[in-house]
Amino acid sequence: MATQTVSLKINITKTNNIKTMQFEESMMVFDACRLIRERVPDAVQGQPTECGLFKPDEDPTKGRWLEMGRTLEYYHLKSGDMLEYRKKIRALRVRTLDGSIKTVLVDDSNTVAELTKTVCARIGLANHEEFSFTVDEETSEMTMRRFEEPMMVFDECCLIRERVPDAVQGQPTECGLFKPDEDPTKGRWLEMGRTLEYYH
């Protein structure tokens, strides 16, 4: 059987240089990144582990990082699709419980649970599962808080995915919490930006 290939536009975000490259669909994302670095000089920036491939979307909340251990085929990419080759590591400002500001290097491709674990470890906090963060959209600053405070629906979804393996299905943005009712017309989806307390 002939090897299936896909022609993708690769945007090197550091220089906004766009190259069209051919890849085998069965190629691992890790190997695709290596091929990009070999063929596009602009892509060589820092350590290879600091960069990755990101699939943007018109809806910013639906963009996704491609996992290094997956094949390109897994992401149902089509010829002509655009991927961004960019740095995953960045400095994140975190406001801790006492109001002080810490700057932590984080991996943008991590899940919320992984990010929380990383931040807590680097500022010396144990029991990372007790904490979550809210994000200031204007400054991108994250504020730490304990789960004992009113929990957001989004945080609850993340906690469920972390603790219940069967709940991991597709991307986090594809799932949510639904409150059923004896009357099917009165069931409702819980809004991610609301607290659980809001729904009594």
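Student: How many aromatic pairs does the structure hold?

Tutor: Two. Rings of Phe, Tyr and Trp (its six-membered ring) pair if their centres lie within 6.5 Å, with planes under 30 degrees apart counted as stacked, over 60 as edge-to-face and the rest as tilted. This is a predicted model, in which local features need pLDDT of at least 70 and side-chain atom pairs count only at pLDDT 80 or more, while totals for chains, interfaces and linings use all residues. Residues are numbered from 1 along each chain as its sequence is written, and side-chain values use heavy atoms, with hydrogens and water left out.

Student: What is the geometry of the Phe54 and Trp65 pair?

Tutor: Phe54 and Trp65 are edge-to-face, at 5.2 Å centre to centre with 65° between the planes. Phe54 is in strand S3 and Trp65 in strand S4, eleven residues apart. Strands (E, at least two residues) and helices (H or I, at least four) are DSSP runs, numbered from the N terminus.

Student: Are those two buried or exposed?

Tutor: Phe54 and Trp65 are both buried. Buried means under 20% relative accessible area, exposed over 50%, and partly exposed in between, with a 1.4 Å probe and protein chains only.

Student: And the rings of Tyr74 and Tyr75, how far apart are their centres?

Tutor: The centres are 5.0 Å apart and the planes stand at 85°, so that pair is edge-to-face. Tyr74 is partly exposed at 37% relative accessibility, whereas Tyr75 is buried at 6%.

Student: Which charged end sits over the ring of Tyr74?

Tutor: That of Arg70, 4.1 Å from the ring centre. Phe54 has a charge over its ring as well: the end of Arg86, 4.0 Å from the centre. The criterion is NZ of Lys or CZ of Arg within 6 Å of the ring centre and within 35 degrees of the ring normal.

Student: Back to S3. Which strands does it pair with?

Tutor: S3 (residues 51-55) is joined to S5 (residues 82-87) by four bridges, antiparallel. S3 also pairs with S4 (residues 64-65) in the antiparallel sense, over two bridges. Two strands pair if DSSP finds at least two bridges between them.

Student: How much of S3 is buried?

Tutor: Four of its five residues.

Student: In what order do the strands of the sheet run?

Tutor: The order is S2-S1-S5-S3-S4, in an open sheet of five strands with mixed pairing. S2 (17-24) and S4 are at the edges with a single partner strand each, so one side of each has no neighbour in the sheet.

Student: What packs on the sheet?

Tutor: Helix H1 (residues 29-39), which touches S1, S2, S3 and S5. The direction of H1 makes about 130° with that of S2. Contact means heavy atoms within 4.5 Å, and axes are lines fitted to C-alpha atoms, for helices over the stretch in contact, with angles from 0 to 180 degrees between N-to-C directions.

Student: How are S1 and S2 paired?

Tutor: S1 (residues 5-12) and S2 are antiparallel, over eight bridges. Within that pairing, Asn11 has Ile18 in S2 as its bridge partner.

Student: How many residues are in the largest nonpolar core?

Tutor: There are 22, and those with the most contacts inside it include Ile10, Phe23, Ile36 and Leu53. H1 gives the largest share, five residues. A nonpolar core is a set of buried Ala, Val, Leu, Ile, Met, Phe, Trp, Tyr and Cys residues joined through side-chain atoms within 4.5 Å.

Student: What does Leu53 contact beyond its neighbours in sequence?

Tutor: Leaving aside residues within four places, its contacts include Val29, Ala32, Cys33, Ile36, Leu66, Leu83 and Tyr85. A second, separate core has seven residues, among them Val94, Leu115, Val119 and Phe133.

Student: Changing topic, where is Lys14?

Tutor: Lys14 is in the loop between S1 and S2. Its relative accessible area is 54%, so Lys14 counts as exposed. Not counting residues up to four places away in sequence, Lys14 touches Asp42, Val44 and Gln45.
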